[in-house]
Amino acid sequence: MRQMIQPWRHIFKLDPDRELGEEELAAICLSGTDAILVGGSTGVTYDNTIDLLSRIQQYELPCALEVSDMEAIVPGFDVYMIPMVLNTPDPAWMTGHHRKAIERFGSLIPWELLLAEGYIVLNGDSAVARLTAAECSISADAAGAYAQIADKLMQLPVVYVEYSGRFGDMDTLRTVRESVEYSRLFYGGGIIGREEAEQAAALCDTVVVGNIIYRDIEQALLTVDAVKKTPQIHLD
Ligand code: 1GP
């Protein structure tokens, strides 16, 4: 699975709890993006997830589920991304829900399709920050230290800098970039057009674009080309 996500430079994140017309979905899936990530912090159910999956499956691109609710784990995705929130004092979001899911599903879990994401949640006003009680007012160095826990100690396949709803601090992202050697570095949050897409793309491996799909699809579509044309900065 690590190899599958390796070429993903741009991802659209679709929320099963939000409406997207057929035409818009087609435009997103045919945009040249590398994959669709299905997920959301609230209102994600089995029914709305399976409905969205079956619509996306008309197209030929990889589709991943970011698991946020045990009740909404739908079979049929290519990959299952499992968030582990690093900067929360609440162990439920690090291993607690995970333990319960393993106890419940046991041998049904297709381990070969799972990839863990070390989440660093940095927008205190976001739903994910409220839900997980993440400590978002941390320094860039602290974010970098969390990234090293994920990258070097836990050896997670993905480190995810998450500013959901707001464009993040690029100096912090740069510090995280300098800290990550082995994991794939995802960035998401507040990418509303080419400019933000280019800035984030220079510093991370994979850019995740969410909200703007539902607010201004034309701008959302422009982020694909912006990301693909931006070379990554190589820091020494
Ligand atoms: C959310 O990282 C994604 O999980 C994308 O954030 O919705 O702000 O684009 P936005």
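Residues are numbered from 1 along each chain as its sequence is written. In this predicted model, local features need pLDDT of at least 70 and side-chain atom pairs count only at pLDDT 80 or more, while totals for chains, interfaces and linings use all residues, and side-chain values use heavy atoms, without hydrogens and water.

The barrel is closed by 8 strands in the order β1-β2-β3-β4-β5-β6-β7-β8, with parallel pairing. Neighbouring strands of this sheet are turned by 30° against each other on average, direction ignored. Strands are DSSP runs of E with at least two residues, helices runs of H or I with at least four, numbered from the N terminus; two strands pair if DSSP finds at least two bridges between them. Strands β3 and β4 run parallel and are joined by 3 bridges. Glu-66 has Met-81 in β4 as its bridge partner.

Helix α7 packs on the sheet and touches β6 and β7. Contact means heavy atoms within 4.5 Å. The direction of α7 makes about 170° with that of β7; axes are lines fitted to C-alpha atoms, for helices over the stretch in contact, and angles run from 0 to 180 degrees between N-to-C directions.

| Element | Residues |
|---|---|
| β3 | 63-66 |
| β4 | 79-85 |
| β6 | 158-162 |
| β7 | 184-188 |
| α6 | 140-153 |
| α7 | 170-179 |

Helices α6 and α7 pack at about 30°, with their axes 8 Å apart. They are therefore roughly parallel to each other, a term for angles under 35 degrees. Residues of α6 including Ala-140, Gly-144 and Lys-152 meet Thr-172, Thr-175, Val-176 and Ser-179 in α7.

How values were computed. Parallel < 35°, antiparallel > 145°, perpendicular 65-115°, else oblique.
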